[in-house]
Amino acid sequence: MNKEDFFIKHISNSKYIGDDGAFIDGFVYSMDAFFENVHFKKEWMSLKQIAYKSMIVNISDAIAMNAKPKYALLSVAIPKTYTNKDLKSLTKGFKKACKEFDIKIIGGDTIQNEKLDISITIVSKTSNPIFRTGAKNGDLVCYTGTLGETRKDLEKLFKNDKISKNSKFIKPILNPEFFYHISKYVNASMDISDGLFLDLEKLSKSSKIGFEFFENISEDIGISGEEYELLFTFDEKNKEKIEKIAKKYNVKLNIFAKAINGEFKTEYKNHHFKD
């Protein structure tokens, strides 16, 4: 058991833990940390981009549970060297994401720190939450978009090379309207944050299923983290309906496996903790 799983297991046995967010009485509560030198380096992104992405990665969790974000609580640890101009850049990033998704910032906390650390809680609303536990034997398994780009761009950044300001590593692409539209056909879902292989292992564990892959998935695709594409399963009878909706929203679908009896485990390690 890795350190993340060990910690979560020993801190709480709550039935709400195990999804992208906790669904309670019509609301989904999700929280993500976005810490300097863990999730980003200041040399890689502007402060506006950092703040924007810190919001987007949390909004992604809400969308994956078929919830519409409503409110945000921010906790921001700010280096004492930051100027008022720097602080304005941060606020512009937060506000940009909130404006795009119609979210109100309702509170939080700020402290002084040696580096920039951000934690965000998003409160979202849904009448039909989708969990990781709902995948059924025989379901088709699909992800949206193209995987592998963020890993390549991250490797460039570690080499001090430049990447496009439109890179998904800097600005993840979310498809909320597409997913809300297909939600009635979806049995289980999550976003791809740790990489396809690691997230498939979580889906396998939650739904107690294995996967029959239609073709080999390369390492470049399987372990590329921070993609924030949607990973979901659905009954094969709804395939044409989902494909039609995807075409309407110009969303690329990759149907790559079928859910079967068994389990799926990956040899790749979770990047949150390194031995």
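Where does Asp 139 lie? Asp 139 sits in the loop between β5 (117–125) and β6 (140–144). The model is predicted, and the rest of this report follows a few of its residues.

**A loop residue**

Asp 139 has a relative accessible area of 2%. Buried means under 20%, so Asp 139 counts as buried. Phe 211 is 72 residues away along the chain, and its C-alpha atom is 9.6 Å from that of Asp 139.

**Helix α3 and its charges**

Which residues form a positive surface patch? They are Lys 48, Lys 85, Lys 88 and Lys 92. Helix α3 (residues 84–101) supplies the largest share of the patch, with 3 residues. Lys 85 is placed in this helix. Its relative accessible area is 66%, so Lys 85 is exposed.

Ser 89 also has its place in helix α3. Ser 89 is partly exposed, at 24% relative accessibility. Not counting residues up to four places away in sequence, Ser 89 touches Leu 47 and Lys 48. Ser 89 and Lys 48 are 41 residues apart along the chain, yet their C-alpha atoms are separated by 4.9 Å.

**Salt bridges**

How many salt bridges does the count come to? The count is 12. The table shows three of these pairs.

| Pair | N to O distance |
|---|---|
| Lys 96 and Glu 100 | 2.9 Å |
| Arg 151 and Glu 219 | 3.5 Å |
| Lys 239 and Glu 243 | 2.9 Å |

Lys 96 and Glu 100 both lie in helix α3. They are 4 residues apart, about one turn of the helix. Lys 96 is partly exposed at 30% relative accessible area, and Glu 100 is partly exposed at 42%.

Arg 151 and Glu 219 meet in a salt bridge of side chains. Arg 151 belongs to helix α4 (residues 149–158) and Glu 219 to helix α7 (residues 219–222), so the pair ties together parts that are 68 residues apart in sequence. Glu 219 is partly exposed, with a relative accessible area of 38%.

Lys 239 and Glu 243 are 4 residues apart in helix α8 (residues 239–248), so about one helical turn separates them. Lys 239 is partly exposed at 28% relative accessible area. Glu 243 is partly exposed at 32%. Elsewhere, salt bridges with shared partners join Arg 151, Glu 155, Glu 219 and Asp 220 into one network.

How values were computed. Residues numbered from 1 in each chain as written. Predicted model: local features only at pLDDT ≥ 70, side-chain atom pairs only at ≥ 80, totals over all residues. Heavy atoms only, no water. Patch = residues over 30% accessible without salt bridge, like charges linked within 9 Å, V, L, I, M, F, W, Y side chains within 5 Å. Areas by Shrake-Rupley, 256 points an atom, 1.4 Å probe, with all protein chains shown as cover. Salt bridge = Lys/Arg side-chain N within 4 Å of Asp/Glu carboxyl O. Lys, Arg positive; Asp, Glu negative; His and termini not counted. Charge placed at Lys NZ, Arg CZ, Asp CG, Glu CD. Helix = DSSP H or I, 4+ residues; strand = E, 2+ residues; numbered from the N terminus. Buried < 20%, exposed > 50% of the residue type's maximum accessible area, 1.4 Å probe, protein only. Contact = heavy atoms within 4.5 Å.
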